[in-house]
Amino acid sequence: MPEHVESVELRGALLRLRRTTGLQVVFGGLLHDGRAMRIAELNGAVTPALHGLTISTGSGLGGKCLALSRPCAVTDYASARHITHEYDGPVSAEGLRSVIAVPLVVRRQVRGVLYGALRESLPIGERVFDAAVAAARDVEQAFAVRDEVRELYARTASPGPSWEEVRQAYGELRELAPKVADPELRARLLAVCGRLEAASGTPDGTRERTAAVLLTPRETDVLAAVASGATNATAAQRLGLRPETVKGYLRSAMRKLGAHTRLEAVVAARRAGALP
């Protein structure tokens with residue numbers, strides 16, 4: 001998955017986390033070489049002290065989070081005894097006291113860390129803790145779907161134009177079509193989508209489309225967005241829907257496809273010919 005796409009997902013999750021919890025500063029980064037992480041995304045910071053900071057596994061709160069693959073928190077960073085203090089300078093420069101770090105884990109591999117912080121020495125409440133974990137789970141789901149789709153592309157790749165580019169174009173068309181006021185043009189866009197769907201199949205070239213798999217246009221729109229790695233919030237923004245409505249369409253599509261997760265739904269839809 002291109003790094004910039006992962007960064008966009010992380011940036012969006014951090015922004016939503018800050019808006020919904022009141023955390024004064026949120027930041028995060030992705031693991032690059034399996035051992036170190038660079039903080040590249042910040043929201044609410046008043047100094048550049050944390051930007052670009054490289055976090056080594058086992059060092060500081062984030063490094064402990066990387067090493068243990070589980071959330072970690074401190075009420076007063078500078079005086080915390082169960083972490084190392086290599087990064088006290090940048091943390092102090094930004095004025096952070098209470099900090100939580102949540103790992104991004106995909107297929108049992110840590111891919112990065114999401115942080116939230118306050119400039120007061122206050123306990124991280126259960127509501128904020130749950131929101132931080134939920135934000136991390138959203139990013140993980142987006143990464144997992146993109147990984148699976150990328151692998152599916154690799155399995156079905158053949159000489160000629162990139163099938164990944166075709167599928168990306170399909171997703172953009174599904175997002176665009178409902179916004180087109182001209183009914184004739186909208187119908188033409190949807191007809192193109194139908195042609196792309198008809199060209200899909202399983203990795204061995206066989207088709208599994210059945211009458212039982214009959215998704216509504218909006219269910220297909222939502223699945224196409226999810227297939228691109230979008231979270232529910234991102235899909236809602238792209239499609240002009242409420243996040244709760246997106247969840248409803250996704251649940252309905254998953255039920256029709258016999259899927260238990262977002263990832264299973266995307267894979268089942270592709271194999272059934274409902275998505276290219």
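This is a predicted model: local features need pLDDT of at least 70, side-chain atom pairs count only at pLDDT 80 or more; totals for chains, interfaces and linings use all residues.
Two residues are in contact when heavy atoms of theirs lie within 4.5 Å. Residues are numbered from 1 along each chain as its sequence is written, and side-chain values use heavy atoms, with hydrogens and water left out.

The chain contains ten helices and six strands; these are DSSP runs, H or I of at least four residues for helices and E of at least two for strands, numbered from the N terminus. Of its 276 residues, 47% count as buried, a term that denotes under 20% relative accessible area, with exposed meaning over 50% and partly exposed the range in between (1.4 Å probe, protein chains only). Among contacts between residues at least 6 apart in sequence, 59% join residues at least 24 apart.

Ser 59 is located in the loop between strand E3 (54-56) and helix H2 (60-68). With neighbours within four places in sequence left aside, Ser 59 is in contact with Lys 64, Thr 84, Glu 86 and Tyr 87. The C-alpha atom of Ser 59 is 7.2 Å from that of Ile 83, a residue 24 positions away along the chain. Ser 59 is buried, at 13% relative accessibility.

One aromatic pair was found in a search of the whole structure. Its rings, those of Phe 27 and Tyr 115, have centres 4.4 Å apart and planes at 10°, so the pair is stacked. Under the rule applied, rings of Phe, Tyr and Trp (its six-membered ring) pair if their centres lie within 6.5 Å, and planes under 30 degrees apart count as stacked, over 60 as edge-to-face and the rest as tilted. The pair links distant parts of the chain, with Phe 27 in strand E1 (residues 25-31) and Tyr 115 in strand E6 (residues 109-118), 88 residues apart. Phe 27 is buried, with a relative accessible area of 4%, and Tyr 115 is buried with a value of 4%.

On a 1 Å grid over the protein atoms alone, a cavity is a set of points where a 1.4 Å probe fits but cannot get out, and a pocket is an open set with protein on both sides within 12 Å along at least five of seven lines; lining residues have an atom within 4 Å of a point. The volume of the largest cavity is about 110 Å³, where volume is the space filled by probe spheres set on the points, and points are joined across faces, edges and corners. Its lining comprises twelve nonpolar residues, one polar and no charged; Ala, Val, Leu, Ile, Met, Phe, Trp, Tyr, Cys and Pro count as nonpolar, Asp, Glu, Lys and Arg as charged, and the others, Gly among them, as polar.

The second largest pocket holds about 340 Å³ of space. Eight nonpolar, four polar and five charged residues form its lining, to which helix H4 gives the most, with six residues.

No disulfide, defined as a pair of cysteine sulfur atoms within 2.5 Å, was found in the whole structure. The sulfur of Cys 72 is 5.2 Å from the closest cysteine sulfur, in Cys 65, too far for a bond. Cys 65 is buried at 0% relative accessible area, and Cys 72 is buried at 7%.
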